[in-house]
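Here's a quick tour for anyone meeting this structure for the first time. Have a look at it, then read on.

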Amino acid sequence: MAIVAALARNGNGDPVDKSYTTASGTSTATPHVAGAAALLALRRPASRGAELKSTLVSSATPLVFDAHYVGAGRLDVGRAIKQTVVAVENSLNLGTQRWPHDDDKPVSGTVTYRNTGSAPVTLNLAVSGAPYSVEQKETTLQAGGTGTVRVTADTRTGPDGQLAGRLPATTGEVRVITPLAVHKEVES
């Protein structure tokens, strides 16, 4: 998350110069994410930390960059406050497939969705990124209900290394993003 801030301050807190810069990284993103979590907690006082985190991750705006580096995407606190469907898990890590890969078997895991709304929701599912696939094209969540979908990674083909992807689940204004990961071990 890039922010614009004063370039530098001296020991008294006075600006060293009057210029500003754009900075990005964990130290600039952390206060913004903490603030977003605080705003979300005000709107959902019964939610615990893990639920707030899942809501913030699920409602992120996906970026074109590799999910291994940017996770679900850019924080969208407005969407997080309004959205009634979240992925219970913040991400799905399918572990490590040991080298060599000609004998790999596909590995699977599940993503659970929760609908806190008052009406049923049908989510359209589609994975992005190789080597991932999803068993079903949609899932329906009853009002106040949950549902799971199975995601599979087939590492018998394709490049070695950390393989990231995303599982977007969408319908209308609802967009739930779940980052995916599997490590296809390199020869060593």
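## A serine in a loop

A polar atom of the Ser59 side chain lies 3.4 Å from the backbone oxygen of Leu56. Ser59 itself sits in the loop between α2 (49-58) and α3 (67-70); helices (H or I, at least four residues) and strands (E, at least two) are DSSP runs, numbered from the N terminus.

Is Ser59 buried or exposed? Ser59 counts as buried because its relative accessibility is 0%, and buried means under 20% relative accessible area with a 1.4 Å probe, protein chains only. Leaving out residues up to four places away in sequence, Ser59 touches Asp76, Arg79, Ala80, Gln83 and Arg175, where contact means heavy atoms within 4.5 Å.

## Where it comes from

This is a predicted model, so local features need pLDDT of at least 70 and side-chain atom pairs 80 or more, while totals for chains, interfaces and linings use all residues. Residues are numbered from 1 along each chain as its sequence is written, and side-chain values use heavy atoms, leaving out hydrogens and water.

## The whole chain

The protein chain has 4 helices and 11 strands. Of its 188 residues, 35% count as buried.

Conventions
Buried < 20%, exposed > 50% of the residue type's maximum accessible area, 1.4 Å probe, protein only. Polar contact = N/O pair within 3.5 Å; in protein donor to acceptor, adjacent residues only side chain to side chain.
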